[in-house]
Amino acid sequence: MKSPIGKLFGLSWLLAALALTTSGLSLLFNWGGWPHLPIIGSISSLIAIIPWWNTVMPGAKAGAVFDALTLIALLLPWRDQVMAALGV
């Protein structure tokens, strides 16, 4: 993480965390930006995790699975059903 590349991936992970947190707040408080923020956050998170897969903590790997499930839910044809289930 001390190398310039490591810092870039760390920044990417921070931006992903901010996007995912903001998307959760957006959904909770019915702000704009939903559902684009979780898509952006999940993609950013995967970009930060996948190159370091063998060195990240197990929690990060679980987060990558959550990111993949988020993308599947929001990008595939059943998106409208997922949105309806969430009450959006």
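Me: Against which helices do the buried residues of α2 pack?
Reply: In this predicted model, the buried residues of α2 are P38, I39, G41, S42, S44, S45, L46, A48 and I49. Those residues pack against α1 and α3.

Me: How far apart are the end C-alpha atoms of α2, and what span should its 14 residues have?
Reply: At 1.5 Å a residue, the 14 residues of α2 should span 20 Å. The distance between the end C-alpha atoms agrees with that value: 20 Å.

Me: How many helices and how many strands are there in the protein chain?
Reply: From the N terminus on, the elements run α-α-α-α. The count for the protein chain is therefore 4 helices and 0 strands, with helices and strands taken as DSSP runs.

Me: What does the C-alpha trace of the protein chain span along its principal axes?
Reply: The chain has 88 residues, of which 31% count as buried. Its accessible surface comes to about 5800 Å², and 75% of that belongs to carbon and sulfur atoms. Along the principal axes, the C-alpha trace spans about 45 × 20 × 20 Å.

Me: How far does helix α1 reach from its first C-alpha to its last?
Reply: Helix α1 covers residues 4-29, which makes 26 residues. At 1.5 Å a residue the expected value is 38 Å. The helix comes close to that, with a reach of 37 Å.

Me: Which helix do the buried residues of α1 pack against?
Reply: The buried residues of α1 are G6, F9, S12, A16, A19, S23 and S26. An α-helix has 3.6 residues a turn, so residues three or four places apart point the same way. The buried residues of α1 pack against α2 (36-49).

Me: Is S26 buried or exposed, and what is its relative accessible area?
Reply: S26 lies in helix α1. Not counting residues up to four places away in sequence, S26 touches W31, G32, G33 and W34. Buried means under 20% relative accessible area. S26 is buried because its value is 2%.

Me: Is N30 buried or exposed?
Reply: The relative accessible area of N30 is 68%. Exposed means over 50%. N30 is therefore exposed.

Me: At what angle do the axes of α2 and helix α3 cross?
Reply: Helix α3 covers residues 58-75, and its axis comes within 9 Å of that of α2. α2 passes α3 in a left-handed crossing. The contact is made by P38, I39, S42, I43, S45, L46 and I49 of α2 and A60, A64, D67, A68, T70, L71, L74 and L75 of α3. The two axes cross at roughly 145°.

Me: How do the residues of the contact of α2 with α3 divide into nonpolar, polar and charged?
Reply: D67 of α3 is one of the residues making the contact, and Asp counts as charged. The residues of this contact divide into 11 nonpolar, 3 polar and 1 charged.

Me: Which residues does L37 contact, leaving aside its neighbours within four places in sequence?
Reply: L37 lies in helix α2 and is partly exposed, with a relative accessible area of 23%. The C-alpha atoms of L37 and L76, 39 residues apart along the chain, are separated by 16 Å. Leaving aside those sequence neighbours, L37 is in contact with A19, T22 and S23.

Me: Which residues does K61 touch, not counting residues up to four places away in sequence?
Reply: K61 is in helix α3 and is partly exposed, with a relative accessible area of 28%. Its C-alpha atom is separated by 29 Å from that of W31, 30 residues apart along the chain. With those sequence neighbours not counted, K61 touches W53 and V56.

Methods
Residues are numbered from 1 along each chain as its sequence is written. This is a predicted model: local features need pLDDT of at least 70, side-chain atom pairs count only at pLDDT 80 or more; totals for chains, interfaces and linings use all residues. Side-chain values use heavy atoms; hydrogens and water are left out. Helices (H or I, at least four residues) and strands (E, at least two) are DSSP runs, numbered from the N terminus. The expected span of a helix is 1.5 Å times one less than its number of residues. Buried means under 20% relative accessible area, exposed over 50%, partly exposed in between (1.4 Å probe, protein chains only). Contact means heavy atoms within 4.5 Å. Accessible areas come from the Shrake-Rupley method with a 1.4 Å probe; for residues, only the protein chains shown count as cover. Axes are lines fitted to C-alpha atoms, for helices over the stretch in contact, and angles run from 0 to 180 degrees between N-to-C directions. A crossing is left-handed if the near helix is turned anticlockwise from the far one by less than a right angle, and right-handed if clockwise.
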